[in-house]
Amino acid sequence: GRHSALSLKPVLRPEVQRMLLEEFYPPLNTMSVPSNMGALKVMASDIEAWQNNQSRQKIARLQTVASVLKNLSSVSRIQRTIEIAAAGQLTPDTTEPAEGAESEHGDNDINDSENPALQDKDEDDV
């Protein structure tokens, strides 16, 4: 600024250039516009490369999340549990259907061995 210790020395442009080079991957190279020293020019190819890299990273993150969610429990298991719960066939404090009740799939129980969080408590734990 006009009253700063660095009067007439550019501050913002060099900082933006540094950020585009050091904080973006791949780096975005800039050029000053001769007719306007406060403006920066970024090559379209650099922006495209950066955008493609961002897309690849986003896909990789989404695939990681999908993999984690897939491993939590199978879709069919969740659907069966919802069907049994909606039919009011779950006994209190368990994921087992009430005695004699069947789901649409003909199963009268849910395999709790797949998910330790859904297993019945041992009598010692009660």
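View 1. Of the 126 residues in the protein, 15% are buried (under 20% relative accessible area, with exposed meaning over 50% and partly exposed in between; 1.4 Å probe, protein chains only). This is a predicted model, in which local features need pLDDT of at least 70 and side-chain atom pairs count only at pLDDT 80 or more, while totals for chains, interfaces and linings use all residues. Residues are numbered from 1 along each chain as its sequence is written, and side-chain values use heavy atoms, leaving out hydrogens and water. You will find 3 helices and 2 strands here, in the order α-β-β-α-α from the N terminus (DSSP runs: helices are H or I, at least four residues; strands are E, at least two).

View 2. Look for Gln-17 in helix H1, residues 12-22. Gln-17 counts as buried because its relative accessible area is 18%. Beyond four places in sequence, its contacts (heavy atoms within 4.5 Å) are Thr-30, Ser-32 and Leu-40.

**View 3. The aromatic pair.** The protein has 1 aromatic pair (ring centres of Phe, Tyr or the six-membered ring of Trp within 6.5 Å; planes under 30 degrees apart are stacked, over 60 edge-to-face and the rest tilted). Phe-24 and Trp-50 have ring centres 5.5 Å apart and planes at 50 degrees, so this pair is tilted. The two partners sit 26 residues apart, with Phe-24 in the loop between H1 and strand E1 (30-33) and Trp-50 in helix H2 (residues 44-72). Phe-24 is partly exposed at 24% relative accessible area, and Trp-50 is partly exposed at 25%.
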